[in-house]
Amino acid sequence: MRYFTHAFAFVVLGLVAVGCASATRFDSISVRGSENFRREVSNSLTLLKTKSPSFYATITNNVAVVRTGARVEIEIHTDAKPARLLLPASVPTDSTIWRAGVIAHFAYHSHLYRQFLLDHAGIQCVPYNEFRWRDAEKRCLEFQLGALRDLGAPAGEFARAQSEPHTIENTNPTHP
Ligand SMILES: [Zn+2]
């Protein structure tokens, strides 16, 4: 009977160990998801760190967590804490450089949001125009293109960045 008890305890500990392995720390960023996801994100962050240090500094100052999500999304906190970036699992067309550019783009949305709070003491609500829409989106796109330049991205990835539905939507001039 005692052997059965030990066997059960081993299985439970094994499951706990697997659960703990789903997060990796890359400098100040916690990367959470499958082993493949964590490797891909870490590869993109490595590229940024080595080939684009100033962009990398902006990213690490403004993103605390990168984890898997159904679509690309940045969860920005209202109290100026660094944000959580959600990324979907990669598809074959997503190169390591491309994903680095996406990380840079959304980190810059967080940067604009947090910078507004720093520049406007006492204001709790950041207008969309300051961190999301129109000129703000163009600044995020420029930051993404700058990262792609530093990383030596192929021409097709610059064109892809400029035609992303997210950017088309956010630069829509009908936004108030
Ligand atoms: Zn954007």
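Helices (H or I, at least four residues) and strands (E, at least two residues) are DSSP runs, numbered from the N terminus. By this definition the chain has eight helices and five strands. In sequence order, these elements follow the pattern α-β-β-α-α-β-β-β-α-α-α-α-α. The model is predicted: local features need pLDDT of at least 70, side-chain atom pairs count only at pLDDT 80 or more, and totals for chains, interfaces and linings use all residues. Residues are numbered from 1 along each chain as its sequence is written.

**The chain as a whole**

- Of the 176 residues in the chain, 31% are buried. A residue is buried if 20 or more other C-beta atoms lie within 10 Å of its own, exposed if 12 or fewer do, and partly exposed in between, with C-beta atoms placed from the backbone.
- Among the contacts with a separation of 6 or more, 57% are between residues 24 or more positions apart. Two residues are in contact if their C-beta atoms, placed from the backbone, lie within 7 Å.

**The sheet**

- Five strands form an open sheet with mixed pairing, in the order E1-E2-E3-E5-E4. Two strands pair if DSSP finds at least two bridges between them.
- Strand E1 (23-26) and strand E4 stand at the edges with a single partner strand each, so one side of each has no neighbour in the sheet.
- Neighbouring strands of this sheet are turned by 20 degrees against each other on average, direction ignored.
- Strand E2 (residues 29-32) and strand E3 (residues 63-68) run parallel and are joined by three bridges. Here Arg32 stands opposite Arg67 in E3.
- E3 also runs parallel to strand E5 (residues 83-87), with five bridges between them. Val65 stands opposite Arg84 in E5, and the bridge partner of Val63 in E5 is Ala83.
- Strand E4 (residues 73-75) pairs with E5 in the antiparallel sense over three bridges. The bridge partner of Glu75 in E5 is Arg84, and that of Ile74 is Leu85.
- In a regular strand the side chains alternate between the two faces of the sheet.

**Helix packing**

- Two packed helices are described by the angle between their axes and the distance between the axes.
- Helix H2 (residues 35-51) packs against helix H4 (residues 96-119) at an angle of about 80 degrees, with the axes 8 Å apart. This makes H2 roughly perpendicular to H4. Angles of 65 to 115 degrees count as roughly perpendicular, under 35 as roughly parallel, over 145 as roughly antiparallel, and the rest as oblique.
- H2 contributes Glu40, Asn43, Ser44, Leu47 and Leu48 to the contact, and H4 contributes Thr96, Ile97, Arg99, Ala100, Ile103 and Ala104.
- By class, this contact has six nonpolar, three polar and two charged residues. Ala, Val, Leu, Ile, Met, Phe, Trp, Tyr, Cys and Pro count as nonpolar, Asp, Glu, Lys and Arg as charged, and the others, Gly among them, as polar.
- H4 also lies across E3, E4 and E5, running at about 150 degrees to E5. Axes are lines fitted to C-alpha atoms, for helices over the stretch in contact, and angles run from 0 to 180 degrees between N-to-C directions.

**The nonpolar core**

- The largest nonpolar core has 39 residues, and Leu48, Leu85, Ile103 and Ala104 have the most contacts inside it. Such a core is a set of buried Ala, Val, Leu, Ile, Met, Phe, Trp, Tyr and Cys residues joined through C-beta atoms within 7 Å.
- The elements giving two or more residues to this core are E2, H2, helix H3 (53-62), E3, E5, H4 and helix H6 (135-150). H4 gives the most, with 11 residues.
- Not counting residues up to four places away in sequence, Ile103 touches Ser44, Ile59, Val66 and Leu85.

**Residues in loops**

- Most residues other than glycine have a negative phi.
- Asp27, which is not a glycine, has a positive phi of about 50 degrees. Asp27 lies in the loop between E1 and E2 and counts as exposed, with 9 C-beta neighbours inside 10 Å.
- Arg134, also not a glycine, has a positive phi of about 45 degrees. Arg134 lies in the loop between helix H5 (128-131) and H6 and counts as partly exposed, with 15 C-beta neighbours inside 10 Å.
- Asp94 is placed in the loop between E5 and H4, and its 18 C-beta neighbours inside 10 Å make it partly exposed. Asp94 and Glu157 are 63 residues apart in sequence and 9.4 Å apart in space, C-alpha to C-alpha.
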